[in-house]
Amino acid sequence: MATVTFEQATRIYPRADRPAVDTLDLAIGDGELLVLVGPSGCGKSTSLRMLAGLEEVDAGSIRIGDRDVTDSPPKDRDIAMVFQNYALYPHMTVAENMGFALRIAGVGKADIGRRVAEAARILDLEPYLARRPKALSGGQRQRVAMGRAIVRQPQVFLMDEPLSNLDAKLRVQTRTQIAALQRRLVVTTVYVTHDQVEAMTMGDRVAVLKDGVLQQCDAPGTLYDRPANTFVAGFIGSPAMNVVTGPGVDGGVRLGGAVLPVPRERLARASAGSGRITVGFRPEAVDLRAGDGVPVVVDVVEQLGSDACLYATLGAADDGDVLHTADLVVRTEPRSAPAVGEPVTLRVREDHLHVFDPVTQLRVD
Amino acid sequence: MTTLATPPEESVDAPARTVASAAPRRRRRRAGRVTAAGPLTYLLLALTTLVSVFPLYWTMVAGSHTNAEIAATPPPFLPDADLFTNIGRAMEEAPIGLAIVNSVVVAGCITVGTVLCCTLAGFAFAKLRFRGNGVLLGLVIGTMMVPTQLAIIPLFILIAELQWVDHLQAVVLPTLVSAFGVFFMRQFLTQALPDELLEAGRVDGASTWRIFWSIVVPVARPAMAVLAMLTFLTAWNDFFWPIIALTTNNPTVQVALAGLGGGYVPDRAVIMAGTLVGTLPVLVVFVVLGKQIVGGIMQGAVKG
């Protein structure tokens with residue numbers, strides 16, 4: 001076990017006009033499960049590969065525990081990695097796959113056998129130890145890849161989208177198992193995914209990246225309740241947060257002809273430069289038909305059983321209104337959901353309103 | 001495998017069935033189902049096999065008759081009892097036993113050398129990042145455009161200076177690696193060897209050399225078997241350079257066969273008997289390596 005520290009770590013691919021990972025500063029605690037999440041091309045896999053030693057670090061440094069591993073080859077880093085495609089050796093049996101790293105390290109045969117058997121027991125792989133990867137299902141291959149990492153007893157686990165090749169049901173089941181296993185083994189783990197649900201459910205902390213830049217690194221609850229900027233606000237949560245920019249007026253922001261109340265001191269700070277203000281609210285933080293409120297017209301109603309999602313457009317759009325999302329989304333009781341085409345008013349619960357600076361896109365508290 | 005004819009489907013309704021039975025049988029396939037081969041397929045396959053096997057059969061027939069019997073009209077079509085007599089005469093006329101041993105040594109060395117060197121070079125060109133990779137590969141492929149004949153005289157002068165004439169190393173060393181083999185292995189490994197496997201090896205602590213032996217070679221085995229077979233056949237059948245570099249005192253099979261059945265009237269029976277003996281080792285190689293060329297070894301390595 002060990003801590004992992006990225007200090008101003010940067011990776012610039014040859015002939016690229018901007019860094020794939022830009023001055024990343026990240027400290028991962030001992031035994032922590034940190035999830036790196038972000039859209040495609042945000043640099044999350046590159047960051048993981050830099051930590052693994054599979055990608056050069058052009059500037060800055062990476063430390064595992066007290067050791068600076070920036071220039072060390074992968075074999076000297078005491079890490080184990082689970083690849084997106086599993087990368088099992090096709091000509092080796094499950095047991096040989098799991099024991100390969102130990103064999104290279106010169107561990108005795110009896111010891112290898114014991115550790116492989118122990119990992120196989122934990123992962124329910126005992127009946128398959130003599131099989132080759134091609135005779136296993138996707139879920140079993142994924143578990144073998146996990147087993148290959150476990151037997152090493154490394155200081156850090158690295159997982160690069162290990163569930164993306166599984167079907168939806170198996171993915172949910174396996175993500176719970178991985179999280180439970182990690183808590184049981186208490187090994188520092190860096191987990192990469194593009195799926196924000198996976199990130200929120202698994203991580204002790206979640207680091208959100210965009211264009212190679214770290215946007216925010218916090219516990220899942222904090223990330224959801226206090227997003228640091230409009231990108232994190234829109235990326236975390238499903239359906240996404242509604243983010244709207246409008247002119248700041250006395251007492252709030254004018255939206256669709258009505259005024260959405262914003263606390264005075266936040267209003268002053270957010271609209272200081274441009275006189276405009278960006279606000280965000282979660283789909284579930286809205287009361288419908290609350291008398292005075294923002295008028296909208298319902299376009300689509302999605303019935304999900306437990307609740308319903310309304311997709312609506314502003315009823316009387318001002319010239320100054322800018323919707324950052326395609327539609328306003330509201331989550332409501334399925335039985336009392338308004339009909340398509342029905343004009344309704346929205347009222348955002350004040351303590352659930354997020355305020356952002358329209359220029360810097362940063363959160364204003 | 002494709003099929004040429006299968007019976008009409010049961011699901012065809014009655015009028016359509018009448019039409020189908022009146023018209024010639026058409027090919028039908030069902031997704032995900034292996035259909036049985038029809039009579040036409042068998043006929044074509046049988047004909048192809050006959051055409052392929054006939055030269056070998058004729059070699060045996062001709063090698064088991066006397067020279068006069070072969071020249072008769074119609075020629076004999078069944079083997080006779082003189083095969084071992086003719087083989088014995090061929091062995092007396094030329095050192096065929098020594099030639100076979102020499103050919104096995106020469107073709108074996110060339111095959112092992114070529115497969116090893118070409119797999120190493122192919123791996124480097126396909127998967128290792130180094131400066132000048134593309135230029136070097138271009139140069140290697142470029143050598144394929146230089147005709148062998150062009151290099152024969154300088155090559156002979158070289159081996160003569162080394163006093164290697166009539167020594168087997170004169171035939172082995174110049175062909176220990178082939179540009180075609182390098183290109184062939186590079187193409188195979190580029191497609192068949194996922195980068196993740198190599199990265200998994202590196203994370204598992206393997207050196208590049210260890211990765212080559214433990215991961216690359218097992219994955220490359222089907223291609224290595226094909227390259228080995230092609231190389232062995234080419235080396236075994238090579239005539240042009242061995243007849244220059246060797247003499248009939250220390251020949252390879254092709255050089256020895258060239259010296260058989262000499263005289264005003266070539267003794268075809270002896271030539272054929274010698275050829276038969278010289279062909280057998282090649283057949284053995286085919287049988288042994290044919291089994292190695294099985295695809296599907298990569299199945300299951302990464303999720304497809």
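Helices, backbone exceptions and a buried threonine

Over residues 96–123 of chain B, the chain is 100% helix and 0% strand, with the end C-alpha atoms 39 Å apart. This is a predicted model. The stretch 96–123 is one of those that the UniProt annotation "transmembrane region", from an unreviewed entry, covers in chain B; the others are residues 34–58, 135–159, 171–189, 210–236 and 269–289. Residues 210–236 of chain B are likewise 100% helix and 0% strand. Here the end C-alpha atoms lie 32 Å apart.

Two packed helices are described by the angle between their axes and the distance between the axes. For helix α2 (residues 94–104) and helix α3 (residues 109–122) of chain A, the angle is about 130° and the axes are 10 Å apart. α2(A) and α3(A) are therefore oblique to each other, since an angle of this kind counts as roughly antiparallel only over 145 degrees and as roughly perpendicular from 65 to 115. The crossing of α2(A) past α3(A) is right-handed. On the α2(A) side the contact is made by A:Ala95, A:Met98, A:Gly99, A:Leu102 and A:Arg103, and on the α3(A) side by A:Ile112, A:Arg115, A:Val116, A:Ala119 and A:Ala120. Sorted by class, this contact has 7 nonpolar, 1 polar and 2 charged residues.

Most residues other than glycine have a negative phi, and most peptide bonds are trans. In chain A, a cis peptide bond joins A:Ser238 and A:Pro239, with omega about -5°. A:Pro239 sits in the loop between α8 (230–235) and β11 (242–249) of chain A. In chain B, the bond from B:Thr73 to B:Pro74 is cis, with omega near -10°, and B:Pro74 is in the loop between α3 (67–71) and α4 (83–93) of chain B.

Positive phi values occur at two glutamines. A:Gln8, in strand β1 (residues 4–11) of chain A, has a phi near 55°. Its relative accessible area is 41%, so A:Gln8 is partly exposed. A:Gln153 has a positive phi of about 50° and belongs to the loop between α4 (138–150) and β7 (156–160) of chain A. Because its relative accessibility is 55%, A:Gln153 counts as exposed.

A:Thr332 is in strand β19 (residues 328–332) of chain A. Its relative accessible area is 15%, so A:Thr332 is buried, the limit being under 20%. Leaving aside residues up to four places away in sequence, A:Thr332 touches A:Leu288, A:Asp307, A:Ala308, A:Leu310 and A:Ala337.

How values were computed
Residues numbered from 1 in each chain as written. Chains lettered and ligands numbered in written order. Predicted model: local features only at pLDDT ≥ 70, side-chain atom pairs only at ≥ 80, totals over all residues. Heavy atoms only, no water. Helix = DSSP H or I, 4+ residues; strand = E, 2+ residues; numbered from the N terminus. Buried < 20%, exposed > 50% of the residue type's maximum accessible area, 1.4 Å probe, protein only. Contact = heavy atoms within 4.5 Å. Axes fitted to C-alpha atoms, helices over the stretch in contact; angles between N-to-C directions. Parallel < 35°, antiparallel > 145°, perpendicular 65-115°, else oblique. Left-handed = near helix turned anticlockwise from the far one by under 90°. Nonpolar A, V, L, I, M, F, W, Y, C, P; charged D, E, K, R; others polar. UniProt positions renumbered as here; feature names shortened; annotations may be inferred.
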